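Morning, everyone. I'd like to walk you through two interfaces. Have a look at the model first.

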6 protein chains.
Amino acid sequence: MSKLSHIDETGAAHMVDVGDKAATHRIAIAEAFVEMKPETLKLIQAGDLPKGDVLGAARLAGIMAAKKTSDLIPLCHPLPITSVKVEIAPASDTRLRIEAYVKVTGQTGVEMEALTAASVAALTIYDMAKAADKAMRIEGIRLLRKEGGKSGTYEAE
Amino acid sequence: MSKLSHIDETGAAHMVDVGDKAATHRIAIAEAFVEMKPETLKLIQAGDLPKGDVLGAARLAGIMAAKKTSDLIPLCHPLPITSVKVEIAPASDTRLRIEAYVKVTGQTGVEMEALTAASVAALTIYDMAKAADKAMRIEGIRLLRKEGGKSGTYEAE
Amino acid sequence: MSKLSHIDETGAAHMVDVGDKAATHRIAIAEAFVEMKPETLKLIQAGDLPKGDVLGAARLAGIMAAKKTSDLIPLCHPLPITSVKVEIAPASDTRLRIEAYVKVTGQTGVEMEALTAASVAALTIYDMAKAADKAMRIEGIRLLRKEGGKSGTYEAE
Amino acid sequence: MSKLSHIDETGAAHMVDVGDKAATHRIAIAEAFVEMKPETLKLIQAGDLPKGDVLGAARLAGIMAAKKTSDLIPLCHPLPITSVKVEIAPASDTRLRIEAYVKVTGQTGVEMEALTAASVAALTIYDMAKAADKAMRIEGIRLLRKEGGKSGTYEAE
Amino acid sequence: MSKLSHIDETGAAHMVDVGDKAATHRIAIAEAFVEMKPETLKLIQAGDLPKGDVLGAARLAGIMAAKKTSDLIPLCHPLPITSVKVEIAPASDTRLRIEAYVKVTGQTGVEMEALTAASVAALTIYDMAKAADKAMRIEGIRLLRKEGGKSGTYEAE
Amino acid sequence: MSKLSHIDETGAAHMVDVGDKAATHRIAIAEAFVEMKPETLKLIQAGDLPKGDVLGAARLAGIMAAKKTSDLIPLCHPLPITSVKVEIAPASDTRLRIEAYVKVTGQTGVEMEALTAASVAALTIYDMAKAADKAMRIEGIRLLRKEGGKSGTYEAE
């Protein structure tokens with residue numbers, strides 16, 4: 001089993017040295033779910049009809065958050081990401097599913113960027129619908145897939 | 001049922017006017033869980049012994065994220081928060097529980113600050129342990145309690 | 001004629017002391033225009049139909065930029081703004097008009113927040129339509145109205 | 001006519017994938033004007049004599065804003081810009097002209113960086129002179145020239 | 001002797017609760033020195049003559065950094081500072097002295113804002129003169145004075 | 001003697017063009033000291049025992065600050081840094097020594113990133129111990145070593 005790469009031999013946190021890794025094409029895909037009452041989901045979808053603003057705002061917030069990842073997660077490297085997509089669709093009558101896709105040509109992966117995009121999109125949905133439903137929950141934030149880099153492809157079971 | 005307060009009558013997103021609300025004491029408490037393999041949790045706890053850096057970094061990242069909430073969530077008001085605490089402890093041999101507490105004297109609540117602190121603390125744990133376990137999941141991000149403001153106290157069931 | 005308040009007696013820039021001013025209700029309204037080819041405007045409006053994303057993204061970018069004003073404009077005070085609205089509508093078949101409204105209860109005005117919101121909304125429209133029309137221009141960024149504070153109400157002619 | 005590249009086939013906003021573009025040398029030059037009363041321009045120029053702070057602050061604010069472009073404009077890629085210059089000079093006795101030049105070796109252009117630098121320099125001039133002249137206007141923000149990338153050189157008419 | 005207020009009874013870092021403190025007028029003054037070769041100081045002063053840009057840029061960077069203090073220092077509270085001044089003058093033929101003054105009406109002090117402003121002004125001088133003199137040192141960053149709050153006035157010996 | 005590279009022929013500040021420099025491996029190491037009463041140092045070390053939070057927080061703040069350097073120092077280039085380490089250890093019974101190491105493959109050096117990391121780690125120590133000792137001083141911030149780039153290796157005397 002690998003050790004915790006962010007902790008050095010003295011136990012101190014540091015930003016891992018990726019300077020000698022090759023710059024390769026890398027992608028990461030993450031997902032998250034927002035659970036809510038059926039009425040809340042209907043309201044979001046209806047509110048979404050005229051100008052698309054709830055889901056549109058959540059998508060945009062997720063994209064912008066991907067760009068802030070290294071500012072939020074202490075030991076993340078700043079990366080010149082080349083593509084971000086955030087998709088949001090109902091997964092049942094009580095849950096929205098968010099999928100975030102991030103791409104980079106770089107020396108380290110973009111798992112955290114994809115997970116951050118999905119998380120902030122979910123938080124934005126909570127924010128915009130919380131007047132209607134404070135009991136919403138964000139569930140199942142996980143990495144679905146990563147490609148590229150020395151450790152190769154990872155696919156969630 | 002209340003309508004979506006961030007959407008105006010034309011369907012456009014806006015930052016709700018809280019200028020006429022009273023500035024009252026408000027608190028919010030949120031929680032999140034990180035699910036992982038038992039070995040991963042042991043590794044974090046062991047890694048945490050000498051310098052406390054995994055959980056220490058996650059706590060700090062959560063506190064700092066609470067201060068960035070209005071920068072991340074598009075329609076959140078900037079708020080002069082007066083206290084943030086983030087606590088992280090094992091909830092079983094496969095999960096860490098994060099609890100974030102935020103306080104403000106202001107014209108609107110700090111639910112989003114507490115939820116953002118808990119989420120970013122969870123993402124930081126994922127980042128610092130992902131070399132050992134990419135299949136970790138963040139689950140159950142929700143508002144536990146809010147006090148203050150016109151809508152009064154909310155307590156999760 | 002008043003002197004330049006941001007320049008002290010030695011000519012050096014500083015952030016004006018507003019600590020002894022009363023905290024009053026203040027609003028500011030600014031406008032901006034984006035000039036483009038008629039085809040570009042049609043494309044934006046058509047592109048806006050299914051999900052509302054061009055104008056929706058510009059509105060959201062303007063709102064978020066209002067919150068970053070003190071980070072962008074060197075001598076602006078950080079202010080806990082209580083409301084931001086950004087409206088965008090066609091003013092002719094070759095121009096979009098942006099109106100930004102910002103409100104605060106504070107010791108100094110929000111003119112810069114409203115002007116920044118209008119400017120960044122305009123830049124976002126340029127960004128999202130530039131593949132179709134690089135010759136777009138942003139014109140007529142100005143303060144329309146301010147209320148509150150010692151200098152009272154200002155209304156553009 | 002090209003379609004709006006930031007909107008995908010479903011109408012949703014996304015950050016365009018530039019991962020397969022070649023990293024080439026790219027420059028962009030943008031301009032903006034600030035219109036004001038002749039007395040205001042004299043005051044700025046006089047205030048500028050001892051320490052150079054009005055125009056110096058505006059130049060610096062423009063340079064710093066170029067670095068924040070991807071944080072302000074939702075769908076802009078983060079870019080490691082290699083040079084920014086902002087020049088400000090009187091264009092008549094009632095207007096200052098701002099020219100911003102930005103350079104990068106990257107997979108996408110720096111038009112938005114140049115336009116953002118020019119816009120924020122203009123807003124900073126407004127901020128620093130608004131005590132003297134609230135009726136100033138920012139006019140004529142446009143792209144003057146871009147070089148590099150697949151679409152080649154663009155020059156404004 | 002007081003205990004470390006940022007560490008709770010379990011040893012974990014947290015943002016101290018200042019919610020029950022009175023909002024009072026508070027100021028803080030900090031200083032810093034930049035040591036350099038006499039030729040470097042002459043160059044800065046000469047370079048400063050035409051447009052004032054070295055010291056002007058350092059002053060501005062210090063002012064802007066004061067506004068970012070709570071983003072830099074993990075456990076600092078965000079504060080609506082009402083005034084910042086940064087003064088820079090030669091203290092001998094080999095050193096520049098920086099004095100930063102910050103004011104707020106708030107529930108906690110602005111010592112860190114003043115120290116951060118002085119530090120970042122010093123770093124900016126280093127950056128702008130390092131092509132001429134890499135051996136410059138920043139020395140003597142300290143709090144000179146604070147007023148306001150329960151602990152009253154502090155004056156350095 | 002070299003001229004001030006950030007000032008152009010007209011005296012105006014600009015971000016130096018590094019676009020034609022080769023992207024080489026570069027490192028920079030900086031140090032800083034925090035002077036305090038012996039009791040304060042004991043308190044920090046004791047407070048550091050259970051969870052490591054004072055020095056842990058300072059290390060993390062230094063690492064995060066390295067990533068914000070181009071946002072703080074007006075004319076610094078944004079750089080995709082590949083490694084940051086911050087070490088803090090007692091240098092005597094009244095002083096802590098901070099050493100910051102930063103690495104990049106890029107077109108310009110990371111001296112400012114290392115100096116900024118060391119400075120912000122020092123400021124964080126001040127913040128977390130100031131309730132016990134307001135008279136602490138930050139001393140001796142300097143560049144210890146740089147490698148890479150056209151000017152080659154620099155080593156402090």
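**Two contacts, two axes**

Start at an axis: in chain C, C:Pro80 is the residue that comes closest to the rotation axis, at 4.4 Å (C-alpha). Turn chain C by 120 degrees, with a shift of 0.0 Å along the axis, and it lies on chain E with an RMSD of 0.0 Å. That is the relation of a three-fold axis. The superposition is by least squares on the C-alpha atoms of residues with pLDDT of at least 70 in both copies.

A word on ground rules. This is a predicted model, where local features need pLDDT of at least 70 and side-chain atom pairs count only at pLDDT 80 or more, while totals for chains, interfaces and linings use all residues. Residues are numbered from 1 along each chain as its sequence is written, chains are lettered from A and ligands numbered from 1 in the order in which they are written, and side-chain values use heavy atoms, leaving out hydrogens and water.

Now the contact of chain C with chain E. Chain C brings 19 residues and chain E brings 16, where contact means heavy atoms within 4.5 Å. Together they bury about 1,400 Å², 57% of it on carbon and sulfur atoms. Buried area here is the accessible area (1.4 Å probe) lost on being put together, summed over both parts. C:Met15, C:Pro74 and C:Pro78 supply 35% of what chain C buries against chain E, more than any other three residues.

What about charges? The rule finds three salt bridges across this interface, each a side-chain nitrogen of Lys or Arg within 4 Å of a carboxyl oxygen of Asp or Glu. One of them joins E:Lys103 to C:Asp20, with the closest N and O atoms 3.7 Å apart.

Next, chain A and chain B. A rotation of 180 degrees with 0.0 Å of shift along its axis superposes chain A on chain B, RMSD 0.0 Å. The two copies are thus related as by a two-fold rotation axis. A:Glu139 is the residue of chain A that comes closest to that axis, at 2.3 Å (C-alpha).

A:Asp71 forms a salt bridge with B:Lys68, the closest N and O atoms being 3.7 Å apart.

Key:
Buried area = accessible area lost by both parts, 1.4 Å probe.
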